[in-house]
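Here is a friendly walk through a few details of one protein model. Have a look at the sequence and structure first, and then we'll take some questions.

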Amino acid sequence: MGSRAYALQMAELLDPEKEYFFTSTSSSKITSRDDHSSPGQKKCLNLVRGCQNFNVLILDDIRNAWTKKNQDNLIVMQKYYFFKSTCHLNNVTGQSHAELRTDESGYLEHILRCLKRIHDIWTNNPIDIDVRQRSWELATCSSRADASSVTHVVAINARTKNDLLALKNKFLVCPQWIEAASYLWEKQPEHKFSIFN
């Protein structure tokens, strides 16, 4: 959604060796808001050169900016408040990640490792791979905690019958466990998401 000038500056910052966002002739492979006429909507991948639905993943922190057609390509990211100015604009208190010289628990680094694995698989066999297929099944939901296939019960507190049942032989976790697993593409340690913390 940034202007072409902004997108090119970010590409220079993120890819100084011109490995990802530029071709071998250093021409840009960037599509910006200047390339389409629908303000506020990224709409679909039709504007991306060489794009087919099975060979593109989208990283974005806004799900509804994309049409239903491209939801399978979308990896919803956590909002990332790196600079102090972005924290201020979004009412985020405390120091920014730039000030702390951190990357919120290695989240971006983890996503980069996942994308590199997918890229390696794709480059070794591009015809047979659909990059939209995720590396693990996130969840199968049930409204009955006593179902034999249920391994985790998601709750805010341990007051209901299902919650108490979970304490006997299932993992009882807070809703952030699902969110973290979704963001990081893998099952998270249950002890970090206990409702008793």
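Predicted model: local features only at pLDDT ≥ 70, side-chain atom pairs only at ≥ 80, totals over all residues.

Residues are numbered from 1 along each chain as its sequence is written, and side-chain values use heavy atoms, with hydrogens and water left out.

Q: Is K18 buried, exposed or partly exposed, and what is its relative accessibility?
A: Exposed takes over 50% and buried takes under 20%, so a residue in between is partly exposed. K18 is partly exposed because its relative accessibility is 28%.

Q: Where is K18 found?
A: Helices (H or I, at least four residues) and strands (E, at least two) are DSSP runs, numbered from the N terminus. K18 sits in the loop between α1 (4–14) and β1 (58–60).

Q: What is phi of K18 near?
A: Most residues other than glycine have a negative phi. K18 is a residue other than glycine, yet its phi is positive, near 55 degrees.

Q: How many salt bridges does the count come to?
A: A salt bridge is a side-chain nitrogen of Lys or Arg within 4 Å of a carboxyl oxygen of Asp or Glu. By this rule, the count comes to three.

Q: Which residue does K18 meet in a salt bridge?
A: The N to O distance for this pair is 2.7 Å.

Q: Which helices does the salt bridge of E99 and K84 link?
A: The closest N and O atoms of E99 and K84 are 3.8 Å apart. The pair links distant parts of the chain, 15 residues apart, with E99 in helix α3 (residues 97–100) and K84 in helix α2 (residues 84–89). So the helices are α3 and α2.

Q: Is E190 buried or exposed?
A: E190 forms a salt bridge with K187, with the closest N and O atoms 3.2 Å apart. K187 is partly exposed at 46% relative accessible area. E190 has a relative accessible area of 13%, so E190 is buried.

Q: Where is N91 found?
A: N91 has a positive phi, near 55 degrees, and is a residue other than glycine. At 72% relative accessibility, N91 counts as exposed. N91 lies in the loop between α2 and α3.

Note on methods. Buried < 20%, exposed > 50% of the residue type's maximum accessible area, 1.4 Å probe, protein only.
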